Each structure stands twice: as structure tokens, then as C-alpha cells.
Amino acid sequence: MRFCGTRRPSLTGWLVDDLMSPTFRALQVRNYRLYSLGQTLSNTGTWMQRLAQDWLVLSLTGGSGVALGITTGLQFLPFLLFGLWGGVIADRFSRRRVLVVAQLLAGVLAAGLGVLALTDTATVGLVYGFAFALGVVGAFDTPARQAFVGDLVERDDLTNAVALNSASFQLGRIVGPAVGGLLIAAFGGTAEVFFINAGTYLVAVAALVAIRGAELRPLKHHELVTLRQGLAYLRGRADLVMVLVLVAAVGTFGLNFQLYIAMMSRQEFGRGAAAFGALSTILALGSLAGSLLAARRGATSVAFVLTAAAAFGAAEVLVALMPTYATFGLLLPLAGLTALTFVTAAQSYVQLHSARWVRGRVMGVYTLMFMGGTPVGAPIIGWLSEQFGPRSAMILGGSLVIVSASALTLLVRRRPLIDEPISIPAAEPATAR
């Protein structure tokens, strides 16, 4: 019996199945289609806002890389502070309800930034505060959103669904920055971008509400869900710990592209908001390609995750060495493709190799590792960009990723890991959806 939606039985449905498989097979599940549509629109608005927020900070500070790094750091600091607890909430309460509340709160914050920008009352301190508040919402939204995918589709479609989520995210990165840059150039300010993003959150909420609860894969509520359970589970899983450590290294040193691109665009190439948005879109094109390629791939191994990380670090260094805006943009898709190959492989591995009853807490740790290093890395990268130039900072970030992947590869060779999917007990503790 399928709990998460049935395939189309008609001839048209068979043709659609054939056309959509294997890259888009998870979209054959109605609940996942609704969720993906809402998230794609919301992601587009979010990336519009990220560009507008960065540009607002640069405008208020006269192009300060340190201020931009602090803003990025504050937006990701809550993941370091609350990411683990976000995973507990994702296992203890209905993930769909958690997502609805989080999307509504994020919409209110986006509208608040729009009011500040519209009334010319925005200050760097206020933007810092809103960035931190958005990060708090994200710290609880992200683990629930990642674990919720497992409630929408069956295990055989999980890798594909995770990859399509990444593709949806990257599609937002393609459209969002480009539209955001054009809107800023057209209106001469950022307020409109913030208001539009607030509206996209309402679309995401509507999609979540329309999901059929009877077709989810719910687990019964279990009161003894604790953070300690998740950490104890991970202590016995050396393979998961290895991937999570690598995710932390890449997230801290390598995946600061919005900061890198903003500083390269403004300082190295002397370009404006539209050019900044264009570079973000170019990066996302490569990322989208990486996500779609990952959607065709089956289960991954620790070795593949390590190789993907090293390839991403090398691509980042190569892109940073490009001398002109044109050559930088020409090779930027390579960095996006390798980055998303790594991110999708790492997230798929962690989700597929963790038990459902503890998956929310494991994804909370994943979120902490993936985003928790940014509050440390972003201000440092901003300072390095000001002192030695963004090109040097970007080269250093990519090099540190290569070193991290190489060190962990040597460790794996000395101590082989068992990375086969674990068997999930029939009577696992559970939670409401």
C-alpha cells in the first residue's frame, strides 16, 4: 500500500511517468508536487530578499565587507544556537504545522524590512536584528523542512526528492537574484523586493495547507523524544559523523558565495546591483544542473561525498583566479555544479542512512553543521576580503575545503566505514505529523 499518493493509472499518466522518470519521478506524488511548487516560489522570494538585504547593507555602510559578513553571520548564528533544538521540534511535533508557523513568521519579518526600507528608517543595527530574527525562524524551519520530505515520499523516491528540493532551491536562486537586481535598479530601492518576498511565503503556506494529511507517512507521537537520543544515535554511526564533519568544513569555508560574489562584483570588478544579481543567477545555473544530475543518481557513499567536496574546493579556487568579470562569470557555473553535487550527496546520504524515528534530530545536527559555521566564517571572510581582497579570501576558502576533504579521505582509508543503509526496527518510537 502506498501512503504518499498513487501514480496515474491512465495512458496519459503512463506517458507522463515515462517522461518524468527517473529525474522527476518524485513529482508524480501529489503531496510532493504541491510542496515543491510552494517551496520554489518561496525560494525565489527568499533569494530576492537575500540580494536586497546584502545591497541594503552595502548601501548603508558604503560598501563594508565586514558589515556584510556580520549580517550574514547573524542570519546564520541561530542555526548554531538553536539548530539542534530545531531537530527535536521536528521529531516531536507535526512537521507540517512547524513549517506553516515558520513561513508565516518569516513573511512578517520580510514585510517589516520592507517598511523600514520604504520609510528610509533602516539602519545597519536594525538590519542586523532582522537578519538574526530570520535566522531564528530558519533554525526551526530547516530541520523540519528537510525531514518532512521523508513524510511526503516513500524511501525509494527519497534521494530523488532531496535532489529535486535542491533543484527547486537553485531555480529560486536563478530567478530571484536576477529579478531582485532588476527591481532594485528600476525602483532605486529595496522595499519592493521585501514586500514581494512576504507574499511568496503566503503561497508556500497555502501549498502546505492543501497537502492531504491522509497520504503522509505519519508516525505516532512519542513523548520521550530528546536531543540526547539523537546525539547518542550519532555516536554509534561513524559514517554519519564523517559526513557531518565534512559538511561543517564546506559550510564554514566554501559556501559563502553570496558574500564572495557581492565583494567580487563591487570591489574587484566595480559593478552594480544588476551585475551582482547576474552573477548570482549564473552561479545558480550551474547549481541547478548539479541538482538535476543528482536527481538521476541513486544512493551515494561516503567516498563519493568526499570526492565531491574536493572537486568543489578545486572549482572554487579556479573560479577565484579568473581575472575579469566575464571569465569569472564564465566559470562560475562550475562552482555551482560541484557545490550542489556535494550538498545533495551529503544530505541524501544522511537522510537515507538515519532511522526515521531520529531523522529530525539528525537533520538538526546536519543543519547545525551546514549553517552553523557561517557565523564564524562569514565575518572572517569579510575581513579578509577587505584586507587582502575578495579574490584571496575565495582562494583560501576553496583551499581549506580541499584540505578538509583530503584529511578525511586519509582517515577513511585507515579506518574503513560501514555505510550501508541501516535497518529500521518495526516498533520504532514515533511522532505526529
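**Figure 1. Packing of helix α9 against helix α12.** Helix α9 (residues 238-253) packs against helix α12 (residues 302-320) at an angle of about 10°, and their axes lie 10 Å apart. Angles under 35 degrees count as roughly parallel, so α9 is roughly parallel to α12. The view, like those that follow, is taken from a predicted model. On the α9 side, the residues in the contact are Asp239, Met242, Val243, Leu246, Val250 and Phe253. They meet Val302, Val305, Leu306, Ala309, Phe312 and Glu316 in α12. Sorted by class, this contact of α9 with α12 holds 10 nonpolar residues and two charged ones, with no polar residues.

**Figure 2. Packing of helix α3 against helix α5.** Two packed helices are described by the angle between their axes and the distance between the axes. For helix α3 (residues 65-92) and helix α5 (residues 124-152), the angle is about 30° and the axes are 6 Å apart. This angle makes α3 roughly parallel to α5. The crossing of α3 and α5 is right-handed. In the contact of α3 with α5 there are 21 nonpolar and eight polar residues, but no charged residues.

**Figure 3. Packing of helix α2 against helix α4.** The angle between α2 and α4 is about 30°, and their axes are 12 Å apart. With that angle, α2 is roughly parallel to α4. The crossing of α2 and α4 is left-handed. From α2, the residues Tyr35, Gln39, Ser42, Gln49 and Gln53 take part in the contact. Their partners in α4 are Leu99, Gln103, Ala110 and Leu113. By class, the contact of α2 with α4 consists of four nonpolar and five polar residues, and no charged residues are present.

**Figure 4. The largest pocket and its lining.** Rolling a probe the size of a water molecule over the atoms shows where empty space is left. The largest pocket has a volume of about 300 Å³. Its lining is made up of 17 residues. Nearest the centre of the largest pocket lie Leu56, Ala117, Asp120, Gly189 and Thr190. Two or more lining residues come from each of the elements α2 (30-61), α4 (95-118), α6 (158-187) and α7 (191-210). Helix α2 supplies the largest share of the lining, namely four residues. By class, the lining of the largest pocket has 10 nonpolar, five polar and two charged residues.

Definitions and conventions: Residues are numbered from 1 along each chain as its sequence is written. This is a predicted model: local features need pLDDT of at least 70, side-chain atom pairs count only at pLDDT 80 or more; totals for chains, interfaces and linings use all residues. Side-chain values use heavy atoms; hydrogens and water are left out. On a 1 Å grid over the protein atoms alone, a cavity is a set of points where a 1.4 Å probe fits but cannot get out, and a pocket is an open set with protein on both sides within 12 Å along at least five of seven lines; lining residues have an atom within 4 Å of a point. Grid points are joined across faces, edges and corners, and a volume is the space filled by probe spheres set on the points. Ala, Val, Leu, Ile, Met, Phe, Trp, Tyr, Cys and Pro count as nonpolar, Asp, Glu, Lys and Arg as charged, and the others, Gly among them, as polar. Axes are lines fitted to C-alpha atoms, for helices over the stretch in contact, and angles run from 0 to 180 degrees between N-to-C directions. Angles under 35 degrees count as roughly parallel, over 145 as roughly antiparallel, 65 to 115 as roughly perpendicular and the rest as oblique. A crossing is left-handed if the near helix is turned anticlockwise from the far one by less than a right angle, and right-handed if clockwise. Contact means heavy atoms within 4.5 Å.
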